[in-house]
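Hi everyone, thanks for coming along this morning.

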Amino acid sequence: MSTSNDAISTLERTWGRPRTILGWLSAVNHKAIGLRYIVTGLVFFMLAGIAALLMRIQLAFPENTFLNAQAYNQLFTMHGVAMMFLFAVPIMEGVAIYLLPLKLGTRDMVFPRLNAFGYWVYLFSGITLFTSLFFGTAPDGGWFNYAPLSESRYSPGLNIDIWATAVSMLEVAALVAAVEIIATTFIARAPGMTINRIPLFVWAIVIVAFMIVFAMPPLIVASLFLEMDRKIATHFFNAAQGGDPILWQHLFWFFGHPEVYIMFLPGLGIVSAIIPTFSRRPIIGYIPLALSFVIIGFLSFGVWVHHMFATGRAPLGMSLFSVASFVIAIPSGIQIFAALATFWYGRLWFRVPLLFVFGFIFIFVMGGITGVMIASIPFDLQVHDTYFIVAHFHYVIIGGVLFPLLGGIYYWFPKVTGRMLGDVIGQASFWLTFIGFNLTFFPMHILGFMGMPRRVYTYLPGLGWEGLNLFQTVAAFVLAIGLLLYFLNLVRSLIGGSRASDNPWGSGELEWLTSSPPANYNFAVVPTVRDLYPLWYEQTVLPEDDQAMSPDERFGLDPGRRETIGTSVLDAVPQQRMIQPSISLIPIVAAAVLWLTFVGLVFDVIITLIGIPLLAIVFLIWNIPSSRGWDPEYVSGGPPGSLPTNMVAGSMGIRTPAWWGMAFLILIVMVVFASLATSYFYLRSHVIDWPIGAIDPPDVVIPLVGSLVLWVGAVPVWFAVRSARKGNTAGLGLAFLAALLLSAGHIGFKVFELAGLDFNWATNAYGSIFWLINVAHFANVLVAIAMLLVAAYYAFRGYFTRERLDGANAVAMYAYATLIIWIPLFLTLYLTPYVWGSSQT
Amino acid sequence: MTEDRRERQQPEPVGRFALWFALAAPVVIWVVFLNVGYVLIGMECYWSIFPFSAWGLSGLRLVLIGMTVLSAVGIILASIIGLANWRAVGGERGPQRDPTGRYRFMVIAGLILSGIFFLQLVWSSVHIILTDLC
């Protein structure tokens with residue numbers, strides 16, 4: 001069992017990239033992308049931190065004139081937006097993208113180009129947000145951007161538009177990363193890594209990825225409502241026309257509270273990786289810990305109303321959410337007690353990463369306790385919108401995100417760079433950060449009790465707030481110095497730090513099996529896993545094997561191609577060889593065009609109208625099969641006994657990356673439409689007459705006929721899949737064309753129906769939601785039509801064969817989804833007004 | 001790999017439906033309970049959709065109590081199935097390389113989920129009886 005030098009140099013060539021600017025721009029390797037996320041996130045963190053310092057200077061003295069109200073509003077909004085959307089979530093995704101393949105024992109994420117695309121989208125939207133500061137158009141409505149303050153009547157500038165478009169782009173980037181993380185964890189684990197051997201960090205990240213899939217689309221929908229209200233006079237949040245500003249809060253906080261857990265669950269995952277290493281024993285309570293991530297993930301979607309206790313909801317309704325807010329302390333507590341038990345039974349090794357873990361425990365518990373306090377409705381009403389809340393969430397987020405992250409960077413820095421971080425300067429930075437943080441934020445609890453409201457740019461003298469505010473400002477600079485020392489340590493060690501061995505901390509998890517820094521291909525031989533801490537409890541992570549063959553050799557991995565092993569979801573049994581795409585400029589081009597499309601919404605819709613077809617063209621180019629992809633030998637070949645490639649595995653009933661990618665795209669689309677339908681019922685439940693005003697309930701006959709035309713499309717799609725399985729590619733192409741024509745017929749009916757309506761999106765809230773759901777579905781059908789057209793083209797060109805069905809199956813999945821999604825939407829729009837219309841009230 | 005092959009050759013110690021029901025039912029039940037309950041409360045306060053009462057309890061409270069009881073029955077059922085599953089795999093002992101460790105993991109997961117969501121339900125029921133409606 002050895003890997004020859006030839007094989008290693010071939011792997012290096014295969015997985016490497018040219019050391020040029022174009023090579024840099026076209027990189028898709030998970031380590032390159034992950035590192036870029038981390039560095040970019042740290043830059044945004046520093047910018048947001050500077051914004052915080054400027055605010056602290058302003059608040060140091062009463063009636064200070066260092067900043068005016070407008071500048072302060074922009075700074076506190078940018079601080080929140082940057083910390084939430086540009087730092088906390090993306091940097092944790094970056095850590096995950098860097099570490100996941102290393103921890104799972106694979107060579108890359110399953111969608112490397114998508115991974116790169118997500119990063120560029122994130123970067124462009126972050127630059128857009130911060131650039132707007134220099135033009136005085138930075139968002140200024142708070143990171144939560146409440147309607148109706150954010151409506152054009154009260155915020156007429158571009159500030160809110162920039163918030164809505166940039167945040168929507170960031171959501172796209174987060175969703176891309178989430179799909180990437182889930183698919184990689186599901187099907188790219190090393191052989192033997194059953195679900196009960198998955199590292200806790202990975203558990204945390206996967207739960208976060210699922211949360212992103214369910215939490216982010218509602219915010220995209222809310223942002224769409226807001227932009228439509230601002231740009232084309234819809235009435236989603238206009239109470240005078242049947243809208244409801246509280247709808248914004250529901251949609252925002254359905255995203256916003258899970259967002260808090262999305263930020264700190266990865267922190268808990270990092271802590272779960274550090275603690276065993278520095279306690280010199282396996283973590284205590286692996287199963288409860290993994291489960292606590294799952295439970296937190298579910299419960300986080302049942303607590304959003306606790307942000308709305310002051311909005312006049314029914315007390316009993318609020319109390320159900322109050323209960324969930326209390327109960328979530330249990331799985332959070334499990335994390336802390338498991339950590340303490342592991343310390344108790346372990347042999348502690350006091351190094352800087354462990355200090356940050358101790359800092360995390362102290363601060364996070366403090367934040368958790370105040371969290372339980374504000375889960376109580378009467379208490380929450382007392383401290384609502386005061387500095388007590390500011391203190392609470394900084395204790396939770398800095399405790400749950402920043403301290404684990406700083407500890408994690410310290411822990412993995414040797415792996416990433418091959419150099420150790422300085423210990424003395426590391427300890428100094430920890431203590432300054434820890435002390436500075438507590439001195440800055442603890443007094444805010446007291447200020448809150450003293451009645452100081454948050455988001456005020458100044459205050460009058462004589463209220464008793466002066467001393468504490470000045471103290472906090474000084475302490476904030478202590479915190480800043482601590483963080484500055486940390487960054488200086490990073491730079492200094494990167495240049496001249498002592499060399500690190502492959503496993504300098506003696507850790508037990510797989511990433512430490514690689515060289516420091518890891519090679520482009522991560523593992524010369526894909527490992528086999530038989531334990532939670534394979535480096536501690538296995539003589540070797542290579543297979544017990546009579547024939548002395550590595551998994552690479554046994555399953556036919558060719559070092560000359562970007563291939564890695566795909567395994568089953570629960571038991572990690574090897575099933576396929578996944579061929580990974582190589583470097584490409586397409587991701588950055590696609591991200592740039594997406595940016596153009598979104599930014600057009602702010603400045604001129606013509607730009608967006610140009611951007612949409614451009615985007616379609618770019619995605620078309622993205623999906624053109626490579627010349628090698630046409631070669632049957634390339635997609636089906638391999639040594640005897642080798643696993644099938646992912647391109648043909650689909651025909652054997654194995655779920656391929658394409659299957660998973662399409663499944664999650666469909667899931668995201670479904671969540672978007674579910675958010676739209678829920679908004680429809682929410683708006684309906686708040687008015688007596690529905691449809692509002694003089695609008696009659698919609699005609700059912702034409703929409704029903706149009707819908708039947710769409711649904712009949714299921715028949716040719718079914719026939720297409722069947723033809724493909726039989727190797728009848730002409731039948732496949734014809735069936736896809738038939739489905740396309742039926743979908744186009746549906747579009748025709750839809751245009752006819754909408755053109756004949758005597759109301760539009762600007763008539764009232766009913767018109768707004770009715771038109772939006774119809775147009776959104778219209779767009780969804782257009783996407784399906786485009787996919788069917790491309791698939792039919794490739795079917796006629798002979799690309800799809802009996803074995804190579806992957807793309808055709810994925811298109812069929814989307815076509816089916818389009819039909820299925822329309823069923824509840826049709827019932828919602830066309831039948832419920834008769835069942836629950838104005839006559840019922 | 002030999003170990004993976006062994007895993008695949010083992011007969012499944014727990015039925016697939018029983019395994020997934022015990023795992024997923026508590027969560028699904030709680031999600032439905034919370035969201036339907038919240039919507040019904042909001043609609044009652046806006047529209048008075050339950051214009052009846054019995055035993056001194058308003059219509060909405062009766063409906064919510066009924067929902068709580070049904071949800072509790074569902075979670076208890078999931079727990080019973082989970083316990084049966086646990087007995088089926090309970091003879092297993094660590095370490096991690098246990099051939100059916102994955103089942104054991106999923107069974108324990110189901111039991112913990114049942115426990116936490118049952119607790120949630122009990123706590124909610126106290127509010128349903130005692131807290132003001134609107």
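**A walk through the two chains**

Let's start with chain B, where buried residues make up 37% of the 134 residues. By buried I mean that 20 or more other C-beta atoms lie within 10 Å of a residue's own, while exposed means 12 or fewer and partly exposed is in between, with C-beta atoms placed from the backbone.

A word on the source: this is a predicted model, where local features need pLDDT of at least 70, side-chain atom pairs count only at pLDDT 80 or more, and totals for chains, interfaces and linings use all residues. Residues are numbered from 1 along each chain as its sequence is written, and chains are lettered from A and ligands numbered from 1 in the order in which they are written.

Back to chain B, which has 4 helices and 2 strands, in the order α-α-β-β-α-α along the sequence. Helices (H or I, at least four residues) and strands (E, at least two) are DSSP runs, numbered from the N terminus.

Now, how many residues of chain A are in contact with chain B? There are 34, and they touch 35 residues of chain B. Contact here means that the C-beta atoms of two residues, placed from the backbone, lie within 7 Å. On the chain A side, the elements giving two or more residues are helix H9 (286-299) and helix H10 (315-327). H10(A) gives the largest share, 8 residues. By class, that side has 19 nonpolar, 8 polar and 7 charged residues. The classes are Ala, Val, Leu, Ile, Met, Phe, Trp, Tyr, Cys and Pro as nonpolar, Asp, Glu, Lys and Arg as charged, and the others, Gly among them, as polar.

Let's stay with H10(A). Of its 13 residues, 11 are buried, including A:Leu316, A:Gly317, A:Leu320 and A:Ala324.

Which helix of chain B does H10(A) cross at roughly 155°? That is helix H2 (residues 16-47) of chain B, and the two axes come within 8 Å. Axes are lines fitted to C-alpha atoms, for helices over the stretch in contact, with angles from 0 to 180 degrees between N-to-C directions. The pair is therefore roughly antiparallel, a label for angles over 145 degrees, with under 35 roughly parallel, 65 to 115 roughly perpendicular and the rest oblique. From H10(A), the contact is made by A:Leu316, A:Gly317, A:Leu320 and A:Ala324, and from H2(B) by B:Leu34, B:Gly37, B:Tyr38, B:Ile41 and B:Gly42. In class terms, this contact has 6 nonpolar, 3 polar and no charged residues.

Elsewhere in chain A, strands S1 (residues 563-567) and S2 (residues 574-579) pair in the antiparallel sense over 5 bridges. Pairing asks for at least two DSSP bridges between strands. S1(A) is mostly covered, with 5 of its 5 residues buried. In the hairpin, which has 6 residues between the strands, A:Ala572 takes a positive phi near 50°.

Finally, some backbone details to look at on screen. A cis peptide bond joins A:Ala147 and A:Pro148, with omega about 5°. Another cis bond joins A:Trp690 and A:Pro691, where omega is about -5°. A:Ala233 has a positive phi near 60°, and with 15 other C-beta atoms within 10 Å this residue is partly exposed. A:Arg455 also has a positive phi, about 60°, and 13 C-beta neighbours inside 10 Å make A:Arg455 partly exposed.
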